[in-house]
Amino acid sequence: MMNRKKRIWLIIILIILLFLSVFYSLTAGSISISFKEIFADMGDKESLVYRVVWDLRLPRILVGLLVGMCLAVSGAILQGVMKNPLADPGIIGVTSGAGLAATVIMVLYPDQLHILPLAAFLGAFLTAMLIYLLAWQDGTSIVRIMLVGISINAFLGAIMSCIMILHSDKVQAVLPWLNGGISGVSWVHVEMIVYYAIFALALAFFSIKHIRMLMLGDEVATLLGHQVERSRFFLIFVSALLAGIAVSVAGLVGFVGLIVPHIIRLLIGNDYRYLLPLSCVGGGILVVFADAAARSWFDPIELPVGILLSFLGGPFFLYLVFKGGVKHAHR
């Protein structure tokens, strides 16, 4: 009963925080806009308020929500598959694959930027499949996938560094993307990812039963008639798809897929019927709020949201580790 009450309260709190973060993002920035001005001027398409809110801030909020949701759900899925609260698309190399593909396009083929989202997804997916195949030895294991993923992550990072060193005159075009951010997004970017994101998130929610079976352990799941390897392959595919969608428009935004599911798990436990949807909402809240803070707290400079999240997330995660949060999350 207590757990049920806690989950209900957490749902209510997250919904409230979601609305607050959206409202804050609409009003905050280099041009401060009040709610009164929004309600009064949004009917006038020629007004400054309409252009700022409709053309700049609203698509940015929607992209932030989708990116945060995709990253948090991707991380939650990987943590379930690996049975490790430290698993994350960035740590095992999935986002590095997307980053490498995008770097190649931006540096070597700048006239092909229209295929950047497709390249990022393919990079994430192919990296995930490579990790899976290299970890296969009459089946896969969590430890092998993690070790192979970390190795692939380091290898792809080295390739990205080499490309940028060899083409140092073009690095400035890549750095903002590598730091992670959603500045400059428009309705074109919303239309570009919204249907893919909805499809991928729907697959993720469909996968909840697969995650719950895998968390019982491979032997127990097999005894219950579950196809363990098929489920693991499907879940890694969904996680890569979600990460690729996010990276295609926001660059290498870190921390979200690692810490959001971890915090939710500490609050309501490891039941993925609640953990996955609440992580989805939490990821959207975090990215929208962090993006609004990054563009308003350091005025006149706009800090990339990926940098701000790293500044906040690294120390906070260390705090959880030293307080025993990771140990608790294994239980």
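Predicted model: local features only at pLDDT ≥ 70, side-chain atom pairs only at ≥ 80, totals over all residues.
## Surface and model

Accessible areas here come from the Shrake-Rupley method with a 1.4 Å probe, and for residues only the protein chains shown count as cover. On that basis the chain exposes about 16,000 Å², with carbon and sulfur atoms supplying 70% of it.

Residues are numbered from 1 along each chain as its sequence is written, and side-chain values use heavy atoms, leaving out hydrogens and water.

## Overall fold

You will find 15 helices and 0 strands in the chain; helices (H or I, at least four residues) and strands (E, at least two) are DSSP runs, numbered from the N terminus. The C-alpha atoms fill a box of roughly 65 × 60 × 35 Å along the principal axes.

Of contacts (heavy atoms within 4.5 Å) between residues at least 6 apart in sequence, 76% join residues at least 24 apart.

## Burial and helix α13

Buried residues (under 20% relative accessible area; exposed is over 50%, partly exposed in between) make up 51% of the 331 residues. Helix α13, residues 272–296, is mostly covered, with 19 of its 25 residues buried.

## Helix α1 and L17

Where does L17 lie? L17 belongs to helix α1, which covers residues 2–27. L17 counts as partly exposed because its relative accessibility is 38%.

Notes. Buried < 20%, exposed > 50% of the residue type's maximum accessible area, 1.4 Å probe, protein only. Expected span 1.5 Å × (residues − 1).
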